[in-house]
Amino acid sequence: MKAVAVQAFGGPDGLAVIDVPVPEPAEGQVLIATEAIGVGGVDAVIRSGALAAYGFRDGHVLGGEIAGTVIATGPGVDPKWAGQRVWAFTGVGGGYAEQAVAPAETLVPLPAATSAVDAVTLGSSGAVAHFGLRHAHFAAGESVLVRGAAGGLGIMTVQLAARAGAAAIAVTTSSPERGDRLRELGATRVLDRAGEGTADTYDVVIDVIAGPELPSFFTKLNPNGRLVAIGAVAGDPPADFGKQLFTAFQKSMSFATFSANTVPQADRSAVTADLFAAANRGELSPVVHDVLPLEQAVLAHRKMQAGEVFGRLVLTPSRS
């Protein structure tokens with residue numbers, strides 16, 4: 001079968017389409033014929049080589065989020081899953097392929113009205129956004145700033161904050177045009193990438209970007225404000241980034257990171273199912289930037305690297 005692997009860590013051109021054996025589902029796993037594969041920021045970080053210390057090696061197949069049909073079940077898995085359309089989380093790789101294995105515990109059945117493309121647009125991003133806001137102890141009536149709002153995580157955070165009753169939702173983005181689109185999704189204030197545009201401060205900052213500019217966003221917090229990093233597409237913050245918190249000690253601000261790995265799988269699956277249902281009711285909008293053939297994964301990563309993506313990039317296998 002066809003898969004896309006990292007042949008050389010670094011830029012997008014290090015990806016290549018290769019032939020690999022069809023994987024066999026092990027204990028607790030299923031084999032899925034993929035219909036849609038989400039392309040995420042973590043894929044780009046792994047491809048860049050920034051996570052080499054975690055054991056990623058040449059030949060690694062990217063992709064953690066897929067949707068498709070279960071075609072085989074491994075030992076210990078209810079055979080009733082076979083033939084069902086599902087969303088699944090494969091982990092840190094294996095998804096950029098015509099067929100992929102995933103833990104059965106991650107499976108979420110797809111409603112008939114939910115396309116595979118919409119599923120990988122809403123699923124993981126929506127769950128991280130949901131639990132990220134919860135990690136920040138966000139409450140209705142509070143104000144939120146979403147840093148890096150034009151990607152999948154940011155767009156879902158904007159929509160979920162609006163749905164939960166935020167008093168104001170500010171976003172950072174790279175152009176007025178993107179700002180207009182974010183307003184349509186629930187944003188009320190549009191700032192530039194540095195967070196400039198108003199002197200307002202916020203109860204919660206949800207940060208998808210991190211990187212060297214993260215400390216400057218502590219100045220955007222109200223007293224008792226909380227900044228939660230749910231992504232790090234620009235890399236780690238400076239080693240001394242916490243100094244800003246101590247400089248404003250009397251404001252009682254706080255900083256936290258959030259990873260969905262700390263949420264029980266059953267809770268993640270329940271939220272993902274709720275997201276699909278909400279989208280089918282018209283309460284959430286899956287925002288898809290482009291759908292590309294699996295063989296064009298390099299192009300997808302070039303688009304991400306160029307910063308031209310608004311929403312989700314999705315790959316689809318082209319079976320003859």
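## Basis of the description

In this predicted model, local features need pLDDT of at least 70, side-chain atom pairs count only at pLDDT 80 or more, and totals for chains, interfaces and linings use all residues. Residues are numbered from 1 along each chain as its sequence is written, and side-chain values use heavy atoms, with hydrogens and water left out.

Helices (H or I, at least four residues) and strands (E, at least two) are DSSP runs, numbered from the N terminus. Two strands count as paired if DSSP finds at least two bridges between them.

## The parallel sheet

Six strands form an open sheet with parallel pairing, in the order β10-β9-β8-β11-β12-β13. The edges are held by β10 (189-191) and β13 (254-257); each has a single partner strand, so one side of each is left without a neighbour in the sheet.

Within this sheet, β8 (residues 143-147) runs parallel to β11 (residues 202-207), and 4 bridges join them. Val146 stands opposite Ile206 in β11.

Of the 11 residues of β3 (residues 29-39), 9 are buried (under 20% relative accessible area, with a 1.4 Å probe and protein chains only). The strand is therefore largely enclosed by the rest of the structure.

β3 pairs in the antiparallel sense with β6 (residues 99-103) over 5 bridges, and Gln29 stands opposite Pro103 in β6. To β4 (residues 65-73), which also runs antiparallel, β3 is joined by 7 bridges; here Leu31 stands opposite Ala72. A further antiparallel pairing, with β15 (residues 312-316), has 3 bridges, and Leu313 is the bridge partner of Val39.

## The nonpolar cores

A nonpolar core is a set of buried Ala, Val, Leu, Ile, Met, Phe, Trp, Tyr and Cys residues joined through side-chain atoms within 4.5 Å. The largest has 50 residues, of which Val144, Val158, Ile206, Ile230 and Phe258 touch the most other members. Elements that each supply at least two residues include β8, β11, α2 (116-135) and α6 (265-280). The most comes from α2, with 10 residues.

Leaving aside residues up to four places away in sequence, Val158 touches Val146, Ala149, Ile169, Val171, Leu182, Leu185, Gly186 and Ala187 (contact means heavy atoms within 4.5 Å).

## Helix α6

The buried residues of α6 include Gln265, Arg268, Val271, Leu275 and Phe276. Its buried residues pack against β5 (85-89), β7 (108-109), α2 and α3. Just after α6, Gly282 takes a positive phi of about 85°.
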